[in-house]
Amino acid sequence: MESVVDLDEAAGVIAERAVRWRAHGLAVGRLTWRDADAAWPQPFETDRGRVRDPDSVGVALAGAEDAELTVVLFRGGWADVDFVVDLDDAGSLPASDIASAADFGSGLDRWVAGVFGVAAQDHGPA
């Protein structure tokens, strides 16, 4: 698979935002990595050092009232984005044509705002 997005840069984008998310009461899971060179089925790793050729990085967030968001970014420039706001509002969000870590960050801001109401510019409590 062609590498469009630098997954290490994308992990940095997640880490930058995780501080704000936690300040708003969201639980932020550990990053998960998948190694393109690993034998099938490729396991998810939480230790980046165990992954030689990453083809995805993911994170899960949880909030009040059982709201959840999971995002897995693939180096090819798309993401699997699944959410649960409540029993009547759950699904997947479109996430293709991601050309950079900055594009991914913009997507994260939209998805988190949509599921949890945490605005991108809202830096939360000090």
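Residues are numbered from 1 along each chain as its sequence is written, and side-chain values use heavy atoms, with hydrogens and water left out. Because the model is predicted, local features need pLDDT of at least 70 and side-chain atom pairs count only at pLDDT 80 or more, whereas totals for chains, interfaces and linings use all residues.

Helices (H or I, at least four residues) and strands (E, at least two) are DSSP runs, numbered from the N terminus. Two strands are taken as paired if DSSP finds at least two bridges between them. Strand 5 (residues 68-74) pairs with strand 6 in the antiparallel sense, over seven bridges. Phe74 has Trp78, in strand 6, as its bridge partner. Three residues lie between the strands in the hairpin of strand 5 and strand 6, where Gly77 takes a positive phi near 105°. Strand 6 also pairs with strand 7 in the antiparallel sense, over five bridges. In this second pairing, Val81 stands opposite Leu93 of strand 7. The hairpin that joins strand 6 to strand 7 passes through two residues.

Burial is described by relative accessible area: buried means under 20%, exposed over 50%, and partly exposed in between (1.4 Å probe, protein chains only). Ala101, in helix 2 (residues 101-116), has a relative accessible area of 8% and is therefore buried. The C-alpha atoms of Ala101 and Val5 are separated by 6.2 Å, although these residues are 96 apart along the chain.

A search of the whole structure finds eight salt bridges, each defined as a side-chain nitrogen of Lys or Arg within 4 Å of a carboxyl oxygen of Asp or Glu. In the salt bridge between Arg34 and Asp55, the closest N and O atoms are 2.9 Å apart. Arg34 lies in strand 2 (residues 32-35) and Asp55 in strand 4 (residues 54-62), so this pair ties together parts that are 21 residues apart in sequence. Both Arg34 and Asp55 are buried.

The side chains of Arg52 and Asp37 also meet in a salt bridge, with an N to O distance of 3.4 Å. Arg52 is in the loop between strand 3 (44-45) and strand 4, and Asp37 is in the loop between strand 2 and strand 3; the pair links distant parts of the chain, 15 residues apart. Arg52 counts as exposed because its relative accessibility is 69%, while Asp37, at 46%, is partly exposed.

Arg75 forms a salt bridge with Asp53, and here the closest N and O atoms are 2.6 Å apart. Since Arg75 lies in the loop between strand 5 and strand 6 and Asp53 in the loop between strand 3 and strand 4, the pair ties together parts that are 22 residues apart in sequence. Arg75 counts as buried at 10% relative accessibility, whereas Asp53 is partly exposed, with a relative accessible area of 25%. Elsewhere, salt bridges link Glu16, Arg17, Arg20 and Asp109 in a network.

Glu65, Asp66, Glu68, Asp86, Asp88 and Asp89 form a negative surface patch. Patches are made of residues with over 30% relative accessible area and no salt bridge, with like charges joined within 9 Å and nonpolar side chains (Val, Leu, Ile, Met, Phe, Trp, Tyr) within 5 Å. Lys and Arg count as positive and Asp and Glu as negative, without His and the chain ends, and a charge is placed at NZ of Lys, CZ of Arg, CG of Asp or CD of Glu. Accessible areas come from the Shrake-Rupley method with a 1.4 Å probe; for residues, only the protein chains shown count as cover.

Most residues other than glycine have a negative phi, and most peptide bonds are trans. Glu65, also a member of the negative patch, has a positive phi of about 60° although it is not a glycine. Glu65 sits in the loop between strand 4 and strand 5 and is exposed at 72% relative accessibility. Asp97, likewise not a glycine, has a positive phi of about 60°. Asp97 belongs to the loop between strand 7 and helix 2 and, at 70% relative accessibility, counts as exposed. The peptide bond from Trp40 to Pro41 is cis, with omega near -5°, and Pro41 is placed in the loop between strand 2 and strand 3.
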